[in-house]
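Please read the points with the sequence and the model side by side.

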Amino acid sequence: MKKKSKKQMIKLSDEVSAFLKKMIITLLILVVCSQAALQNDMIRHWLTGVDRWEGTRLK
């Protein structure tokens, strides 16, 4: 009984580890892509309103 339980736990931990690795890689790719997109003036203007307010005095 213990051997079966131990094997199931190892299998579960391997599956969770594989899923977490895929998620981390996906998130890193998304961060790189979003940073690259923000380098483009047109995309940055569309995504954020910060450039419109830059240099403008707020009351």
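1. Arg-44 forms a salt bridge with Asp-41, and the closest N and O atoms of the pair are 2.3 Å apart; a salt bridge here is a side-chain nitrogen of Lys or Arg within 4 Å of a carboxyl oxygen of Asp or Glu. The structure holds 1 salt bridge. Both partners lie in helix H2 (residues 41–47), 3 residues apart, about one turn of the helix.

2. Asp-41 is exposed, with a relative accessible area of 53%, whereas Arg-44, at 24%, counts as partly exposed. The cut-offs are under 20% relative accessible area for buried, over 50% for exposed, and partly exposed in between (1.4 Å probe, protein chains only). Buried residues make up 0% of the 59 residues in the protein chain.

3. This is a predicted model, in which local features need pLDDT of at least 70 and side-chain atom pairs count only at pLDDT 80 or more, while totals for chains, interfaces and linings use all residues. Residues are numbered from 1 along each chain as its sequence is written, and side-chain values use heavy atoms, with hydrogens and water left out.

4. The protein chain has 3 helices and 0 strands, helices being DSSP runs (H or I) of at least four residues and strands (E) of at least two, numbered from the N terminus. The mean pLDDT of the chain (the predictor's confidence in each residue, from 0 to 100) is 87. Helix H3 (residues 50–53) has the lowest mean among the elements, 70, and H1 the highest, 94. Where pLDDT is low, the predicted coordinates should not be read in detail.

5. Leu-30, found in helix H1 (residues 2–37), is one of the residues that make a nonpolar surface patch of about 780 Å².

Definitions and conventions
Patches are made of residues with over 30% relative accessible area and no salt bridge: like charges are joined within 9 Å, nonpolar side chains (Val, Leu, Ile, Met, Phe, Trp, Tyr) within 5 Å. Accessible areas come from the Shrake-Rupley method with a 1.4 Å probe; for residues, only the protein chains shown count as cover.
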